[in-house]
Amino acid sequence: MHSVKRERTSAKAREDKLRREAGKIVAYKALVDKVLTSRKNQDYTPRTLDLTTTLLKQNPEYYTIWNYRREILTSIFESQTADAIQSHIESELQFLFSRLVEFPKCYWIWNHRQWCLQTAPSPSWKFELGLVTKMLDRDARNFHGWRYRRYVVQHLELSTGKSLVRPEFDYTTVKINANFSNFSAWHNRTKLIPRLLDEEPEINARELLDKEIYLITQAIYTDPDDQSVWLYHRWLMTTDDIVKLSSDERIALLEKEIKSIQDLLEIEPDSKWCLQSLAFYKGLIATLADQKVDSSVAGYLDKLQDIDPMRKKRYEDWKELL
């Protein structure tokens, strides 16, 4: 707090802190050496499993140790019954949950959890869906969580024989409405919509496309600097996964969206995403209509070189292709 006076750390206190940290580093290095030596000696015992637990609590990013842990578990499971393996896996999942709460964006923890479920005699996919839902409630933009959710949903569908496309599509809508800036939710939508149309043939595909455009336009006007909304908009403008449009229909759609983006550009004149999209869409129209690119595109690219100098060469190369 601004009103609280910061007390200076004495030289002795700083030395004590450095000494403690140095001791921790020495202990950590000794533990690493011990675990790696055990792996070299192919020591696959409960004792070495405990050593990996200690090490991974300190450093969950050490993927080599996760590999060793799986080797140990695989060796232990060779002499166990299915019930014993299931019990062991459930304990492992509890350990992983504690790691995920502390390190929710560590890929190796999510990866090891998948291995556990693939190895378990009776995996509970329904429980996992509830768990990842809670994790995404904590951080709705955690792409590791979204990736894991797709994995769990796929296996839950296989195990029950029931589609989860509609509830998952609705779930992305809830997350997007809570925060438009959610790349993973938009990305999930691109995977779900083709299946939704296939499983619910009563849906009017063109109406669905228009609804998606309306939703993404709201998102764009809310936060025109967010890359994820522009990427989804571009997908809508170019995909045939929703409805296959003729060249004339695609051009009409693009012209309508160009007008909307131009209106936004008047409000946000230095928006690189507006300028990039206008340049791309006008270029796409030229390709579809087999005509020259609109002269305004060169101006957009010139301005992009000024407001986005880190990508100046890219815009120069783009302009040469006109």
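1. Cavity count and volume. The structure, a predicted model, holds one cavity of 30 Å³ or more. On a 1 Å grid over the protein atoms alone, a cavity is a set of points where a 1.4 Å probe fits but cannot get out, and lining residues have an atom within 4 Å of a point. Grid points are joined across faces, edges and corners, and the volume is the space filled by probe spheres set on the points. The largest cavity contains about 50 Å³ of space.

2. Cavity lining. The residues that line the largest cavity are Thr217, Ile220, Tyr221, Trp230, His233, Glu257, Ser260, Ile261 and Leu264. Two or more of them come from each of α10, α11 and α12, and α12 gives the most, with four residues. Helices here are DSSP runs (H or I, at least four residues), numbered from the N terminus. By type, the lining has five nonpolar, three polar and one charged residue. Ala, Val, Leu, Ile, Met, Phe, Trp, Tyr, Cys and Pro count as nonpolar, Asp, Glu, Lys and Arg as charged, and the others, Gly among them, as polar.

3. Basis of the model. Local features need pLDDT of at least 70 and side-chain atom pairs count only at pLDDT 80 or more, while totals for chains, interfaces and linings use all residues of this predicted model. Residues are numbered from 1 along each chain as its sequence is written, and side-chain values use heavy atoms, with hydrogens and water left out.

4. Largest core. The largest nonpolar core has 51 residues, and those with the most contacts inside it are Trp186, Ile193, Leu209, Ile216, Trp230, Leu236 and Ile242. Such a core is a set of buried Ala, Val, Leu, Ile, Met, Phe, Trp, Tyr and Cys residues joined through side-chain atoms within 4.5 Å. Buried means under 20% relative accessible area, exposed over 50%, and partly exposed in between (1.4 Å probe, protein chains only). The helices that give two or more residues to this core are α8 (165-178), α9 (183-199), α10 (205-222), α11 (227-238), α12 (247-267), α13 (272-289), α14 (296-307) and α15 (312-320).

5. Leaving aside neighbours within four places in sequence, Ile242 is in contact (heavy atoms within 4.5 Å) with Ile193, Leu197, Ala205, Leu209, Trp235 and Leu236. Another core, of 38 residues, lies apart from the largest one and includes Leu51, Cys106, Met135 and Val152.

6. Largest pocket. A pocket is an open set of grid points with protein on both sides within 12 Å along at least five of seven lines. The largest pocket has a volume of about 290 Å³. Its lining has 17 residues, of which Gln94, Arg113, Phe127, Glu128 and Leu131 lie nearest the centre. At least two lining residues come from each of α4 (82-102), α5 (107-119) and α6 (125-138), and the largest share, six residues, is from α4. Eight of the lining residues are nonpolar, five polar and four charged.

7. Second largest pocket. This pocket has a volume of about 180 Å³. Arg149, Arg150, Val153, Gln154, Glu157, Val165, Glu168, Asn188, Lys191, Leu192 and Arg195 line the second largest pocket. Two or more residues come from each of α7 (143-160), α8 and α9, with α7 giving the most, five residues. The lining divides into three nonpolar, two polar and six charged residues.

8. Salt bridges at the second largest pocket. A salt bridge is a side-chain nitrogen of Lys or Arg within 4 Å of a carboxyl oxygen of Asp or Glu, and the count by this rule is 22. Glu168 and Arg149, both in the lining of the second largest pocket, form one at 2.8 Å, N to O. Glu168 lies in helix α8 and Arg149 in helix α7, so the pair ties together parts that are 19 residues apart in sequence. Glu168 is buried at 6% relative accessible area, and Arg149 is buried at 4%. Glu157, Arg195 and Glu199 are linked in a network of salt bridges.

9. Other salt bridges. Glu92 and Arg69 meet at 2.5 Å, N to O. Glu92 is in helix α4 and Arg69 in helix α3 (residues 63-77), 23 residues apart; both are buried. Lys303 and Asp270 also form a salt bridge, at 3.6 Å, N to O. Lys303 is in helix α14 and Asp270 in the loop between α12 and α13, 33 residues apart. Lys303 is partly exposed at 31% relative accessible area, whereas Asp270 is exposed at 52%.
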